[in-house]
Amino acid sequence: MRRIVCDECKRLYDYDREEFCPRCGAFNPPVKVWDMDSQGNVVRVDGVNERTHTGSFVHQEVHREKNVRKATGLDRPRAVKAPPPRPRQTPRPPQRSQTARKQDVSDKLKAFFVILALILLFNLILPILFALL
C-alpha cells in the first residue's frame with residue numbers, strides 16, 4: 001500500500017487502489033517511478049525498465065517515441081560539462097644567488113659613474129681646454 005499526497009488538492013490517498021486522486025482527478029505518480037540512464041533514455045524504476053523489456057512492444061514504442069522527440073527537437077541532447085579551466089602557470093625566472101644580485105648592483109653603479117664622468121668631461125673640462133688653446 002503506497003499512500004501518497006495529491007499535488008493539486010493535498011489529499012492523502014492509496015495509490016495502489018486508485019492511481020488518480022479521488023477528489024480532483026489529478027495523476028500523481030509515486031516518487032521515483034521514472035529515471036534517466038547514462039544515455040538519456042527514460043527508465044522506469046519499478047515495473048518495466050530497459051533491462052527487462054528488451055525486444056518487447058513497449059521497448060519498440062518507447063524508443064520510437066524517443067526518436068520522434070529527438071527529430072522534432074523536443075528532446076535536446078544533454079550538455080556535456082566541460083572540465084574547469086586549469087589556472088595558467090607563469091614560468092618563474094630562475095632564482096639567482098645573493099652574490100649575483102650584489103654584483104648586478106655594483107655593475108649598475110659603475111656604469112652610472114662612467115656616464116657621470118663623461119658628462120663632466122664634455123661639459124666642464126673640454127670647454128676650458130678649448131678656451132685655452
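Phe20 is partly exposed, with a relative accessible area of 47%, where buried stands for under 20%, exposed for over 50% and partly exposed for the range in between (1.4 Å probe, protein chains only). This is a predicted model, in which local features need pLDDT of at least 70 and side-chain atom pairs count only at pLDDT 80 or more, while totals for chains, interfaces and linings use all residues. Residues are numbered from 1 along each chain as its sequence is written, and side-chain values use heavy atoms, with hydrogens and water left out.

**Aromatic contacts**
- Rings of Phe, Tyr and Trp (its six-membered ring) are paired if their centres lie within 6.5 Å, and planes under 30 degrees apart count as stacked, over 60 as edge-to-face and the rest as tilted; the count by this rule is three aromatic pairs.
- One of these is the tilted pair of Tyr15 and Phe27, at 6.5 Å centre to centre and with 55 degrees between the planes.
- Tyr15 and Phe27 both lie in the loop between β2 (12–14) and β3 (34–36), so their pair ties together parts that are 12 residues apart in sequence.
- Phe20 and Phe27 also form a tilted pair, with 5.4 Å centre to centre and 55 degrees between the planes.
- Tyr15, Phe20 and Phe27 form one aromatic cluster.

**Accessibility**
- Tyr15 counts as buried at 10% relative accessibility, whereas Phe27 is partly exposed at 43%.

**Confidence**
- The mean pLDDT (the predictor's confidence in each residue, from 0 to 100) of the chain is 79, and 83% of its residues reach 70 or more.
- Among the chain's elements, which include strands (DSSP runs of E, at least two residues, numbered from the N terminus), confidence is lowest in strand β4 (residues 42–44), at a mean of 66, and highest in β2, at 89.
- Where pLDDT is low, the predicted coordinates should not be read in detail.

Technical notes:
Helices (H or I, at least four residues) and strands (E, at least two) are DSSP runs, numbered from the N terminus.
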